[in-house]
Amino acid sequence: MSSSFFIKSNVASQSAKKGKNTAGLKRKVGGGADGKNKLRAKKPSNKHNEEISSESETEGPPVSKKRQPKQDVGYDETPQEKKLRLAKLYLEQLKDEEEKKAEDEPLETELIAGRLQEEVLEQQGKLQRFIAKELIAPDPTDIRVLRGHKLPITCLVLTPDDKFIFSAAKDCSIIKWDIASGKKVHKIPGGRKGTEERHVGHTAHILCMAVSSDGKYLASGDMNKLIMIWEGDTCKHLYKFTGHKAPVSGLSFRKGTHDLYSASHDRSVKVWNVDENAYVETLFGHQDAITGLDCLSRERCVTAGGRDGTVRVWKIAEESQLVFHGHEGSIDCIQLINEEHMITGADDGSVSLWSVNKKKPLSTVKQAHGCHGDAGLEQPHWVSSVAALQNSDTVASGASGCSHNSLVNVWKCGQHYRGLELLFSVAVPGFVNSLKFSSSGHFLVAGVGQEHRLGRWWRLKEAKNGIFIIPLKRKPNSEEPNSTQ
C-alpha cells in the first residue's frame, strides 16, 4: 500500500500549556489514561437532563490531573498480576457462558479453546459463517408488519438479544417494540418546532440511532444537530450532546464499550464517552456531508462521504484515516461486515464490497435494483440502505424508487468477498430507509416510509410507513453453519 494511502487527519489539538483552541481536535476526557487531559463537565442543573457540548470550554472548574488512589485495592498490583487476574476472570466468564449453552453437560476444554479461536479470528476479520447457501426466500404471508409512526421511518436498531426494535421517524418520535408480540413497549413522543426548551425528546426529524452492545444506552441524532442519550430499558432521557453544526447523520457505539462515534453533514466525526457524559475529540477529512457511519470493536470507524465520492476508515488512536474511491454517485449508506470488510450503496444504483486493505472495491454490482423511467431515459433505483450479518457471507440492500414496490435484495458474498450473487428479493411498498439483520441471523428488519429519509424529492402515497420483519428461512435439514477462516 502506498504511503499516500495513509492521509493524516486534519485534527487540531487543544494546547494544555497555553489553553488555546484550534479548529481541529478538541479533547475532554475524564480520568484520561495519560493523566494529561482534562474533563470539564457541566454542573447538574435543576432540569431532568444534562447537556455536554463539544464547543463549551469554560463550563466548570477542571478536574485535578492527580490520580486519585484506588479505594478498593489495599496493595499495588503489578502489570503482570493485573493481566493474570483479568485473564482468569475472562476464562471464568467463558466457562460460565459455555456451561449454560451446553445445558449442564460436562464442559470440555475444546469449547473454551474454540470460543477463544473464534474471537481471535473475529478481531482479525477472518471469521466467516457460511449462511447464504442455506437461505431460501420467505413466504410473503410470513412477513410481519408493525405500524405506529405517523410519518416515514428513517432508521431503526435492534437490541443485542434480538428481543426489541427501536424505530424512529420524521414525526420525531422513537418507539420501542417487542419483537415476539409485535407490541409497543415504550414511546418517546416527538415535539413541535419551537418547544425545544420544554420538550423532552426530539423536535426535528431523527436521522440515525445506535444501541450499545450491552443494551444499556440508546443514542439518537436529528436534523437539529442534537444527539440524545436514553436508557435502553426504560427509554428515560439521560444526556444531550451538542457540538455538531449540521444534522447528525450517523451514530455507532464501539462494541464492548460506551464510546460513541457520531457523523454529521458538517463533514466531521466526533467521539464521545457516554459513561462520563463527555466529549472527546473531533476528526475532519470529508469534503461533503457524511451520510453514514459504522464501527465494530476496533478503535476505528468507517464513514460514507456522500457526494465527495469517498469511503473513509478513521483510525482514532493513530489520528489518521484511509481514503477509498469507487462509486460514481453519492455514497448514501455503509455497513461493516467484519473488521476487514464492508458494504456500501449509492444513488447511482450500485452496491460495492470493500476491504480495508484495498483502495478500490473488491466487487461492484451496478443497477443492483434495476432501473425505472421511459426507454432511453432509464435511471437506476437509488440504493438507500445496506445491512450485513456480521462475520458471515450474507448482506442485504434496500432501494428507493418511483414504483409502488421497492425491493429488499439479499446477497451472497463470494469467496474472499470478490463477488455478489443475488439470493432472493422481497417486495415492500415504499422507500427502504433502514435495514438491520438480527444477531442470530434468523430475520431481517426493514424500516419503510412514503419518502426518502434524507429528503422529500417525491412521495409514494400508496406506501405505508411501517417496520417489515422478514424471516430468513433455511433449507430443510440444513444444519447450523460452521465458522471458518
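Predicted model: local features only at pLDDT ≥ 70, side-chain atom pairs only at ≥ 80, totals over all residues.
Residues are numbered from 1 along each chain as its sequence is written, and side-chain values use heavy atoms, with hydrogens and water left out.

Strands are DSSP runs of E with at least two residues, numbered from the N terminus, and two of them pair if DSSP finds at least two bridges between them. Strand 24 (residues 351-355) meets strand 25 in the antiparallel sense over three bridges. Both belong to an open sheet of four strands, ordered 22-23-24-25, with antiparallel pairing. Strand 22 (331-336) and strand 25 (363-365) are at the edges with a single partner strand each, so one side of each is left without a neighbour in the sheet. On average, neighbouring strands of this sheet are turned by 20° against each other, direction ignored; the axes behind this angle are lines fitted to C-alpha atoms.

We can turn next to the empty space inside the model. Rolling a probe the size of a water molecule over the atoms shows where such space is left. A cavity is a set of points, on a 1 Å grid over the protein atoms alone, where a 1.4 Å probe fits but cannot get out, and its lining residues have an atom within 4 Å of a point. Grid points are joined across faces, edges and corners, and a volume is the space filled by probe spheres set on the points. A search of the whole structure gives two cavities of 30 Å³ or more.

The largest cavity has a volume of about 50 Å³. Its lining consists of Leu 296, Arg 298, Arg 300, Val 302, Leu 336, Glu 339 and Val 356, which divide into four nonpolar, no polar and three charged residues. For the second largest cavity the volume is about 30 Å³, and Glu 196, His 199, Gly 201, Thr 203, Leu 226, Met 228 and Lys 240 line it. Here the division is two nonpolar, three polar and two charged.

Finally, the cysteines. With a disulfide taken as a pair of cysteine sulfur atoms within 2.5 Å, the count comes to zero. The sulfur of Cys 155 has its closest cysteine sulfur in Cys 208, 6.3 Å away and therefore too far for a bond. Cys 155 is buried (under 20% relative accessible area, with exposed over 50% and partly exposed in between; 1.4 Å probe, protein chains only), at a relative accessible area of 6%. Cys 333 is also buried, at 7%.

Terms used: 1 Å grid on protein atoms, 1.4 Å probe; cavity = no way out; pocket = protein on both sides within 12 Å on 5 of 7 lines; lining within 4 Å. Nonpolar A, V, L, I, M, F, W, Y, C, P; charged D, E, K, R; others polar. Axes fitted to C-alpha atoms, helices over the stretch in contact; angles between N-to-C directions.
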